[in-house]
Amino acid sequence: ADKTLTISVYSFAQDAYKKALYDPFEEICGCDLVIETGNSVERMAKIEANAAKPVIDMAVISSHDALALAQKGLLAKLDTSKLSSFDKLYDAAKDPVGDNMAVGYTFYASSIVYRKDLISIDSWGDLLTNEKLANNVALPNITGTQGPLTLMMLNKANGQNGDYAKTISDIGAAADKIVTFYSRSSELAQLMNQEEVIAAPVGRFAWSRFKSSPLDFAWANPKEGQAGGMNVMVMTKGNGNEELAYQFMDYWLSTDVQTRVAEAMIDSPANKDVKVSDEVAENLTYGADLINSLNIMPPADIIAQREAWVEQWNTEVIK
Amino acid sequence: MFLDSRQGLALALPAALFALLMFLVPVGILLSEAFQYDGGWSLGAYVEFFSKPLYQKVFFRTLKLGAMVAGTAAIIGYAAAFCIVNLSAKARGQVFGLVVLPLMISPVARTYAWIVILGRTGIVNDTLVGLGIADTPLRLLFTETAVFIGLLQLFLPLMIISLVSSMENIPRDVIPAARVLGANWLQVFTRVILPLTKEGLVIGGTLVFTGSLTAYITPAILGGSKVLMLETLLYQRVNVSNDFVAASVIAMILIVMSFSTNLLLKRIATARS
Amino acid sequence: MSENFVQLTDLTLSYGKTVAVPELNLSIAEGELVALLGPSGCGKTTTMRAIAGLLPPTSGRILIDGRDVTRMAANKRGIGLVFQSYALFPHLNAFENVAFGLRLQKMSNDEVQTRTMAGIEKVGLSGFEKRKPAEMSGGQQQRLSLARSLVMEPKVLLLDEPLSNLDARLRLEMRTELQRVQRETGVTMVFVTHDQAEALAMADRIVLMNAGKIEQVGTPEDLYARPETAFAADFIGFENIFHVKDGALVSDAGSLPMTTASDAAILAWRPGGVQVGQGPHQGAVLASSFAGEHREYVIDSALGQIKADAPVGAAAVAIGDTIAFDLPLHTARALDA
Amino acid sequence: MSENFVQLTDLTLSYGKTVAVPELNLSIAEGELVALLGPSGCGKTTTMRAIAGLLPPTSGRILIDGRDVTRMAANKRGIGLVFQSYALFPHLNAFENVAFGLRLQKMSNDEVQTRTMAGIEKVGLSGFEKRKPAEMSGGQQQRLSLARSLVMEPKVLLLDEPLSNLDARLRLEMRTELQRVQRETGVTMVFVTHDQAEALAMADRIVLMNAGKIEQVGTPEDLYARPETAFAADFIGFENIFHVKDGALVSDAGSLPMTTASDAAILAWRPGGVQVGQGPHQGAVLASSFAGEHREYVIDSALGQIKADAPVGAAAVAIGDTIAFDLPLHTARALDA
Amino acid sequence: MRHFANWGILGLTLLFLIGPFVIIIFAGASAGESLTFPPDGLSLKWYAKVFTVESFRASFALSLFLAIFGTLTALLIGVPAAYALSRYKIPGSETIRTIVAAPIIVPGIIVGLALLRYLVVPLNFGITLALFLAHTALVLPYAVRVVSSSLNNLKADMEEAAVLLGCSRMQAFTKIVLPNIRGGVLAAFILGFVTSFNQVPVSLFLSGPGVRTLPIDMLSYMEITYDPSVAALSALLAFMSLAIVFVAERLLGLSRYV
Ligand SMILES: Nc1ncnc2c1ncn2[C@@H]1O[C@H](COP(=O)(O)OP(=O)(O)OP(=O)(O)O)[C@@H](O)[C@H]1O
Ligand SMILES: Nc1ncnc2c1ncn2[C@@H]1O[C@H](COP(=O)(O)OP(=O)(O)OP(=O)(O)O)[C@@H](O)[C@H]1O
Ligand SMILES: [Mg+2]
Ligand SMILES: [Mg+2]
């Protein structure tokens with residue numbers, strides 16, 4: 001094929017995506033997909049480095065990273081009329097970062113995974129205060145996607161009403177008893193499997209790794225509720241391949257593809273029309289009720305405060 | 001020695017030009033960004049860097065770990081190299097093969113092996129608790145100890161290689177001569193072996209120290225964000241904060257550290273004789 | 001004064017599986033100067049290293065001054081060794097090389113200074129104190145190595161080809177110096193050489209070795225005049241060696257009738273013992289060379305090559321010309337088969 | 001046959017700023033065998049390297065067979081050089097070392113085979129063809145290096161201490177072989193040695209060098225009997241050299257009256273020219289050594305140390321005893337100041 | 001007694017150096033789902049899985065290409081440089097030495113970033129080309145240093161002898177110098193090969209859609225899961241490197257030179 005579309009995606013479950021999304025799309029468009037994978041920060045850094053002459057046509061990243069890129073003028077404003085499935089999306093997914101710079105394609109919940117045979121978790125606050133968790137708990141690093149979510153929930157649990165500085169100080173005070181601040185969920189899974197850590201906040205998309213372990217893991221339902229996040233699609237500015245990119249985005253958002261991806265238990269759908277079995281739903285962040293109950297931090301809040309958080313984190317937590 | 005220097009220059013130039021154009025120039029441009037501060041040329045970025053307590057701490061930790069790894073590698077390296085040199089030619093080849101074996105293994109995998117070994121239920125803790133040396137499993141992962149062990153294993157082969165090759169250049173009968181003149185083994189080491197292998201020590205020391213400073217995978221995985229080193233901090237500055245200036249500052253610091261350590265070691269080595 | 005100051009009993013020395021020296025027996029008296037003589041590879045260095053404690057014997061014993069030192073460490077034996085390869089410390093200058101052993105003893109800095117300087121002077125290297133070995137010529141290095149051992153004033157001093165790299169004059173000087181040291185300090189010396197002239201000149205007694213075994217032991221005069229085996233005779237300069245058979249001299253090349261009968265099995269002549277210019281035999285001159293006091297000829301005879309010395313006064317014979325010669329019985333050494 | 005086959009004109013040779021050989025002039029005839037003699041460090045190797053083309057001269061010219069080769073590349077000159085350090089190729093066995101140069105020429109494999117084997121045989125290394133240099137003794141390596149140059153049949157063959165590592169017998173054999181080769185092929189040979197006996201024995205002409213300069217050139221007999229300077233005399237064996245002043249012999253140590261008057265400025269005696277056992281002078285014996293045909297004494301006299309040879313038949317004098325001696329004028333060599 | 005102490009020290013050192021390798025081999029042979037030692041039962045399924053991951057195949061090919069051709073290129077320019085530095089008096093030879101050795105002391109991330117920003121983006125160099133240049137530069141210091149040290153042990157008079165026997169300078173180099181330093185060249189090749197093959201920091205930035213070195217691919221695989229297949233892959237790669245060294249040793253007698 002003489003047409004190619006270069007996309008940048010998260011690296012997990014590429015085999016499943018290939019079956020559910022890439023292969024059928026290549027069939028339809030008669031083009032080649034070139035796929036770059038990696039975690040969102042690295043991919044963002046490269047999009048920025050290549051801004052003058054974009055290599056990537058279309059990328060999927062976290063909503064606040066999308067906002068950051070948008071603010072640097074690296075993204076193209078989306079013409080939603082070119083996305084036939086746009087109306088089927090949950091409202092929250094339609095314009096998550098404002099100005100139509102991105103559309104959401106999946107939601108995820110975020111809560112605490114813990115060893116049900118050793119401990120019970122009722123509240124996010126337990127992470128810092130439960131005696132049994134001293135030297136047995138890991139938290140996500142503030143620089144990752146999960147970090148701000150945990151910060152938000154700890155803030156809520158301690159009734160600090162958005163005074164994140166105070167929450168970071170609390171984490172700093174407890175830092176000696178925290179095994180590590182992880183940056184990859186796979187790393188956390190390894191640590192929990194070798195019993196280095198018995199509880200830690202984690203995104204729902206990683207749950208399957210814990211569920212299959214011989215150890216007794218459970219997904220907490222803390223009284224503050226679960227945190228939530230969304231991953232979005234964006235298009236780089238001036239990539240010259242817009243038509244194909246729209247075609248691909250639309251295909252990915254279609255009920256067909258979203259259902260296939262959901263049934264493979266990879267991504268939870270952002271398309272309202274997707275219907276799945278209870279058993280599948282159990283593993284996903286599925287359904288309007290659940291999605292509406294999630295504590296979601298506006299991307300703008302994260303972007304605005306992150307530098308300050310990292311700064312404070314570096315002085316008080318990492319020390 | 002052939003004296004036609006033009007021919008010599010022609011032979012050396014391709015390598016020098018390659019390193020210069022394809023390597024030093026781009027790196028130099030990047031590093032020069034660290035001298036851009038508030039729109040002009042200044043050392044402001046460096047002042048700012050060293051004014052942050054975390055950065056100071058990371059700086060000194062990196063220095064300390066680098067020195068400790070190099071020092072320990074030198075001690076173990078001498079013992080091992082001396083044993084290797086004393087082996088028969090055949091056994092020497094085989095042992096040498098085993099020593100360089102770790103170099104063949106991806107550092108990624110090597111480091112993950114340490115996660116398994118140093119874990120709460122890993123072999124080290126099992127042994128310590130089993131022997132009654134420790135009551136409860138020690139927390140080794142994500143500590144400086146873990147990073148130290150990982151780096152040591154990573155770079156020890158380089159030290160052994162340098163020391164073995166410089167020990168082989170010790171003239172044949174010099175050690176027996178010292179023995180016959182009344183030196184015990186410690187004196188043989190300090191007065192004969194050490195001065196005669198200092199070149200190997202300088203090369204090995206520089207390789208290990210520089211390697212420890214600029215290693216990325218090991219501190220990233222075994223230390224995580226709790227044991228930041230300059231290289232992992234550099235990565236964080238680039239990737240998380242897009243802060244190229246701080247990254248350049250850190251890179252420049254690393255280069256200066258490596259370079260001055262090399263000079264210092266050379267100086268010490270030549271001053272002694 | 002002990003007759004058995006250094007005593008080697010059934011000493012077997014090997015490198016891995018190859019036996020270099022099998023079952024050696026040798027006694028050396030206190031204050032004696034013994035030369036180990038023998039061709040390259042016969043085990044001279046090997047024997048020295050064993051005495052010094054650098055090569056553990058496979059079997060047998062080494063006694064020094066009555067004490068069994070077979071298992072004693074090299075640095076405890078109080079033995080000096082001048083290495084064939086000098087074994088100087090390349091990182092130390094001449095002064096520090098000589099001072100090395102002294103500094104290891106509890107000795108004041110002043111004394112180290114005095115004794116080192118004296119040692120350096122003895123070998124004629126004053127003024128070279130600051131030079132590194134690499135900046136000295138072969139002969140200077142050899143002398144430095146000598147000085148390094150001498151200053152230690154060992155009970156036994158082993159010297160492995162200590163003069164091989166010196167030119168004739170320097171060699172004579174160093175010989176004199178070694179003999180003086182030995183006389184003055186009464187040290188027992190064993191020195192190795194492959195040069196018979198040196199062994200003859202210096203030694204009280206010569207031990208001639210061949211392929212790891214002792215071939216003959218005796219005074220220089222003994223060995224020079226009365227070698228007991230064909231090997232010894234050949235090595236010591238009786239370069240013309242022939243079997244006697246039915247009143248004729250026989251070699252691989254042919255035979256020559258004898259003028260006087262002899263009942264010896266083997267007869268050997270030095271080049272100086274061969275008479276040239278007149279005699280019953282004839283041969284072509286293969287080579288001729290001037291040697292100061294005499295002229296050396298190689299003569300192609302019925303017995304093969306014969307080496308003969310002619311007084312320098314005699315008219316020189318050109319190469320290729322025929323010359324008359326004799327092998328007189330009175331200059332021959334008779335040997336058993 | 002050219003009288004000036006190899007001609008060095010005002011040749012100055014330097015290492016960086018240090019001049020090793022200043023303005024050397026020397027002519028060597030075709031087919032001549034010349035020895036470069038001189039103490040260590042006098043510039044012998046340096047001169048050889050310049051002739052071979054390995055060291056570009058600072059100034060001056062080198063002519064070979066009438067052609068100026070001063071700027072000619074070393075591999076074009078057709079000169080052979082046997083290195084003092086052998087310079088064998090460690091990765092090649094003995095056969096391949098010798099065959100190396102032949103293989104570079106357009107020559108059939110058979111011929112390479114034949115000539116190489118012949119060369120190896122000449123130096124007595126048959127059977128060692130498959131050995132690597134590291135598996136051979138020093139003397140064997142030296143002979144291999146010789147063979148490698150000989151098979152090339154160069155016009156000029158330079159040999160830098162080609163026999164230094166051989167023992168007396170082997171050395172004689174190799175000397176004979178070198179003389180034979182030279183006679184048969186008529187090659188011009190220049191060889192370096194620090195051993196006067198070797199120079200005397202082999203050379204047609206000896207060039208005696210001292211500190212980069214030529215001290216004397218002459219036939220062996222010339223040099224041996226008639227050295228012209230004190231340095232030459234000393235080097236060639238007139239080891240007892242004294243100034244003549246007011247009818248007495250004078251040295252740094254003292255003076256001794258002469259029995260016969262002489263108008264020479266300097267007189268020199270070989271040890272063999274000194275008469276011992278009887279004579280007007282007395283001295284204590286400092287050292288005494290057996291040398292086969294004679295006994296060498298070092299006598300402590302009013303002139304300092306005197307070296308003297310006594311016939312071996314005479315009764316030996318013990319060290320420390322007094323001995324009578326004379327310095328007869330008829331055995332002395334007179335020299336200018 | 002000495003012998004015993006000798007092997008004692010060596011044994012402990014080797015245990016420390018090789019222990020992790022043994023763990024990797026066995027962890028990769030686990031029948032369980034996660035990286036553990038001792039493994040939960042033995043099976044070869046993870047070793048088998050390695051061959052089914054498509055991206056590993058592509059990135060292995062890229063890494064192998066870089067390691068082989070990057071190292072060869074480094075040797076191609078590095079050996080003459082080492083030769084010139086040890087045999088000629090060159091003006092500024094210290095500067096040349098420093099320039100050539102510099103890539104060792106520059107942090108890899110900076111190298112990757114610099115090449116990306118100043119070669120790839122403005123000059124339109126492809127990522128593969130940039131990777132190739134970076135790996136060549138990284139191997140260059142090893143090539144020059146290792147080859148230099150074996151050249152220094154090689155006496156210059158052998159080349160002179162060869163020239164006098166009729167060689168040109170070039171022939172003297174190929175017939176005499178090269179055969180005698182082949183151990184050094186081989187050691188440089190192996191050192192360069194493993195350095196390049198296992199290089200991570202430089203390649204962190206120098207990767208693009210479809211272009212990724214194997215270690216980076218392994219790292220990103222581990223973003224998703226720590227299953228034992230990465231251990232299995234590492235063990236396989238180490239065995240591959242060992243096989244290369246073993247063959248080299250057999251063919252060229254490496255141990256005589258190291
Ligand atoms: N390290 C060694 N390993 C194996 N064999 C050796 C070793 N050193 C010497 N040999 C062998 O032992 C024998 C005796 O060697 P040694 O060095 O004692 O000879 P040498 O009499 O000193 O000869 P030279 O006059 O050449 O110095 C020789 O055949 C030699 O090849
Ligand atoms: N590469 C060099 N650099 C500097 N000086 C040198 C070099 N080679 C030799 N020399 C000096 O040049 C002088 C002559 O040296 P050369 O090697 O020609 O001596 P030689 O007569 O061959 O002595 P030997 O008998 O010891 O071999 C000596 O003073 C020596 O120190
Ligand atoms: Mg020996
Ligand atoms: Mg010389």
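Modeller: What follows is a set of questions on the terms used for this structure, with answers.

Modeller: This is a predicted model, in which local features need pLDDT of at least 70 and side-chain atom pairs count only at pLDDT 80 or more, while totals for chains, interfaces and linings use all residues. Residues are numbered from 1 along each chain as its sequence is written, chains are lettered from A and ligands numbered from 1 in the order in which they are written, and side-chain values use heavy atoms, with hydrogens and water left out.

Colleague: How do you know that chain A and chain C do not touch?

Modeller: A contact means heavy atoms within 4.5 Å, and no contact joins chain A and chain C, whose closest C-alpha atoms lie 48 Å apart. Chain C and chain E do not touch either, with their nearest C-alpha atoms 12 Å apart. Of the seven pairs of chains that touch, B and E have the most contacts.

Colleague: What makes T45(C) a polar contact of ligand 1?

Modeller: A polar contact is a pair of N or O atoms within 3.5 Å (within protein, one must be able to donate a hydrogen and the other to accept it, and residues adjacent in sequence count only if both atoms are side-chain atoms). An N or O atom in the side chain of T45(C) is 2.5 Å from an oxygen atom of ligand 1, so the pair meets that definition. For G43(C), a polar backbone atom is 2.9 Å from an oxygen atom of the ligand, and for C42(C) a backbone N or O atom lies 3.2 Å from one.

Colleague: Which classes of residue make up the shell around ligand 1?

Modeller: The shell has three nonpolar, six polar and two charged residues, where Ala, Val, Leu, Ile, Met, Phe, Trp, Tyr, Cys and Pro count as nonpolar, Asp, Glu, Lys and Arg as charged, and the others, Gly among them, as polar.

Colleague: Why should residues 254-258 of chain E be read with care?

Modeller: The predictor's confidence in each residue is its pLDDT, from 0 to 100, and over residues 254-258 of chain E this stays under 50. Where pLDDT is low, the predicted coordinates should not be read in detail. Chain E as a whole averages a pLDDT of 84, and 95% of the residues score at least 70.
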